Amino acid sequence: MSKKIRSNPIGIKLNRRTFLKGAAAGLAAAALPIQAAEAFSWETFLQKHFKEMTDEEIKRVIERLEKEASLEWRKEIHISAAKAKPGVKFGYGLDLSRCIGCRKCVSACVRENNQSRTPQVHWISVLRFKKGEKWIDLENSEKYYNPKLVPEEGHFYMPVQCQQCENPPCVKACPTQATWKEPDGIVVIDYNWCIGCRYCMAACPYGARQFNWAKPNIPQNEVNPETHYLGNRPRDKGVVEKCTFCIQRTRAGKYPACVEACPVGARKFGNLLDPKSEIRYLIENKRVFRLKEDLNTEPKFYYFFTGWQV
Amino acid sequence: MVDAIKVFLKSLIRLPKGGMVFYAWVAFLLVLIGFGLSVYAKQLDRGLIITAMRNQVSWGFYIANFTFLVGVAAAAVLLVIPAYLYQFKPIKEIVLFGEMIAITAVTMCILFIMVDLGQPLRILHILPKPIGMMNFPASLLAWDVIVLSGYLLINSLLVLYTLYRLSVGKEYKLSLVLPLILLSIPWAISIHTVTAFLYNGLSARPFWNASILAPRFLASAFCSGPALMLIILQLMRKFSKVEIDNKAIFKISELIAYTMGINLFLLGAEIFKEFYSGGIHKAPLEYLYFGLHGKNLLTPWMWASLIANITAFIIFLIPKTRENFVTLNIGAVLIFIGVYIEKGLGLIIPGFIPDSLGEIYEYWPTNTESIITIGIWAVGALLYTLMVKFAIPIYTGELMAENRAAAQKAK
Amino acid sequence: MKIMGKLAVIFSVLFLGGMFFLHSSGAEEGVPKLIITKPRTSENYPCSKCHKYLSVNKTKRKLITSHSNITLKHAEEDRWCLDCHEGDKLKLPSGQLIDYDKPYILCKQCHGTVYKDWKVGIHGRLTGMWDGEKVYRMCVTCHDPHQPRFKPLEPEQPPMKPSDIK
């Protein structure tokens, strides 16, 4: 090739050497920010899917995760791997004649489940409707109502969260099986397996799934240290999360945080397979419906009515 | 075999050498890629929050580009059928370049998926056991990975084989190639059908959960892909020694007329169904063309796209305008823009508007998303440029002639 | 010192126990076992503290000299104080007197449907263990018997709009 430098209208000395140099410099400059990003660890990269791990492997992974989390949040974090109890299938009831739209369930959930404050993540959305107007058409709902006092005259409220479907479309959609239905009916996510493709979010008819668009930020003193691997343990950016019926509490026999927080007792929870539970009672004795039942997702979140709203 | 390798190596060595236009073009693309890479590094660091995607609209510009490009990749088959099956000579000669467009398009698709992932390092989880835990056959995304990889493989094999035969001055052996061709035709249709089913199967999104979606995808793919090809083929004709018969170009434009006709008909069918029945699920279409509750960010774009498509349809339908290169190129550009808007903004975004809980979040890509997108298109352009530059000397027989001349001289 | 420690434990238990009156009422069928009730305000109980020396005035009127802080908004058209209160007990419509520690017996006379729901845990707030000890509440823990309707309260902040999340 001729060593003659080709001149051109731009006026820069453009020959193969100079543009190769420039390209190399450009790529090197681009590589610098990548080094500043989070440190890479082979153990994390090669971690197996939760369902494939033996109990021993789970123990070791949890030890590593607990150490990392405790270091990051400057608090001793416990991660449980409690399995589903046999003979249990969780169900949820929501008394629409009682909900006053106070959103105490939303904030209790945020605190219990270590949801990011900035950017904000809410697992529960409370929708407000006008009495007498279209209800099934959720386009008529208002999520951002901000009155001085609730409940407001002429309105009613409907909280929505993960419905823990028996026939979950999100589980069908996930390309890596990072989300699946546990034997006690809770649909869970392995946050270390999720690739963040968000197909499950497109598949969910209830807007239940939230994505960590950035690294979650929680005030250190508000971090809840009692966590579950499949539930409220500290998550990373780029993974999907959602309500898990407070798996860390319910597998230990306690009520979910939202059930306990509701000041008017609109939230009910229990074991669908126990004929004496309150959830069974309300399904068998009250008028229950579930959201978007025509989609055949078989939610385990039942809406019912006991009386007129106070 | 040895001769073929010699020819391949020669072409490879000559790859970085070229005229001023070549250098300027490659430099321009490298600058765009550089920008894209540095912005992507920022996205890796900060997370996808630097895009405009949020929980309400969780798929955006990246997936819109992916969907459009799967269509372009599938459209390469439109050339393959007449070339191989009907031995229509003018197209037979250029099918190689169509297949290379397919390879480029699939590569860009893969890149768009990678930049859209929240945890790209975990992409291996999508492979079957024991490396990953692919959710086959339940997840349509798993199907998409399989068919796209397969399509990439088929087209790469076809291109390499054709070039190999050309480098020794022979025509491809139909008996060897036929099984691959017979496979590639339904395969090409299937990549776009699987991509359509990806959206179609979601009962949560009534805008996508319509049986008309897969046919619409195919119709729009089969007019936008060839439109792109028309432009590229003319460029190649201008800047290289490749000869392309006008007859090939006009045949492709005729086919585009029919596919665009079908595309417009299917759109009309959708519009009729939603607006005449008037149920609540007409909301996304209403948002696109008329605005919904005062939100109308996309309406000017959708009308522009519709006008572009109808104009292009008329141009390609009338033989006089179809065979006039000025109007032909205007038509090709119009189709490309029209279908790009229709398939990207007009298909992905309204699936999420209104969202599952009835909320309207008006999505518009951020600058960072656009820069990364342009960077990936630049990667595709660079890849195609280099592939074509590699292939043309072999295709025209130039290198082979050189070798023969050198061999003669040596004797 | 050890004794001090033990005494401290006993006293704190008693103190805490005095804060919530945890009742066990297995006497009636189906009534929940574990019930929390509000701590009683001491100043007006027992009623006989003052009323032992006062004469009974059964005229329905608005009270001014005492108990003026209580405004009845609970079927006040049809009833007044002495329809439910008599001496140191609560009075049922039949005239039967019951103790203050089981007010639900009075409430259920009119609110039978709510009582049925409350017994199985459908009405009212439940905390504790879903497969163990469920902690119920007395009617009066949440509802002021004189103004049982809940006052509207201040809602928590609305969620951030997606365009505001940066």
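**Entry 1, helices H9 and H11 of chain B**

I began with H9(B) and H11(B), which are oblique to each other, the word covering angles that are not under 35 degrees (roughly parallel), not over 145 (roughly antiparallel) and not 65 to 115 (roughly perpendicular). In this predicted model I used local features only at pLDDT of at least 70 and side-chain atom pairs only at pLDDT 80 or more, whereas totals for chains, interfaces and linings use all residues, and side-chain values rest on heavy atoms, without hydrogens and water. Residues are numbered from 1 along each chain as its sequence is written, and chains are lettered from A and ligands numbered from 1 in the order in which they are written.

H9 spans residues 246-277 and H11 spans residues 299-317, and I noted that their axes come within 8 Å and cross at roughly 140°. Helices here are DSSP runs (H or I, at least four residues) and strands likewise (E, at least two), numbered from the N terminus; the axes are lines fitted to C-alpha atoms, for helices over the stretch in contact, with angles from 0 to 180 degrees between N-to-C directions. H9(B) passes H11(B) in a left-handed crossing, meaning that the near helix is turned anticlockwise from the far one by less than a right angle, while clockwise would be right-handed.

From H9(B) the contact (heavy atoms within 4.5 Å) draws on residues including B:Ile256, B:Met260, B:Leu264 and B:Leu267, and from H11(B) on residues including B:Leu306, B:Ile310, B:Phe313 and B:Phe316. I sorted the residues by class and found ten nonpolar, four polar and no charged residues, where Ala, Val, Leu, Ile, Met, Phe, Trp, Tyr, Cys and Pro count as nonpolar, Asp, Glu, Lys and Arg as charged, and the others, Gly among them, as polar.

Which angle do H2(B) and H14(B) make where they pack? I read about 140° for H2 (residues 20-46) and H14 (residues 367-395), with their axes 8 Å apart, and the two helices are therefore oblique to each other. The crossing of H2(B) and H14(B) is left-handed, and their contact has 18 nonpolar, five polar and two charged residues.

I then turned to H1(B) (residues 2-13), which packs with H14(B) at about 135°, the axes being 9 Å apart, and this makes H1(B) oblique to H14(B). The crossing of H1(B) with H14(B) is right-handed. B:Val7, B:Phe8, B:Ser11 and B:Leu12 of H1(B) meet B:Lys389, B:Phe390, B:Pro393 and B:Ile394 of H14(B), a contact of six nonpolar residues, one polar and one charged.

I looked up the interface and found 63 residues from chain A and 59 residues from chain B in contact. The two chains bury about 5100 Å² between them, with 62% of it on carbon and sulfur atoms; buried area is the accessible area (1.4 Å probe) that two parts lose on being put together, summed over both. On the chain A side, A:Glu139, A:Tyr199 and A:Trp213 lose the most area to chain B, together 16% of what that side buries. There are three salt bridges between these chains, a salt bridge being a side-chain nitrogen of Lys or Arg within 4 Å of a carboxyl oxygen of Asp or Glu. I also noted a salt bridge between the side chains of B:Asp116 and A:Arg198, at 2.7 Å from N to O.

I checked B:Lys129 and B:Pro130, which are joined by a cis peptide bond with omega of about 5°, and B:Phe136 and B:Pro137, whose peptide bond is cis with omega near 0°. B:Pro130 is in the loop between H5 (95-116) and H6 (140-167) of chain B, and B:Pro137 is likewise in the loop between H5 and H6.
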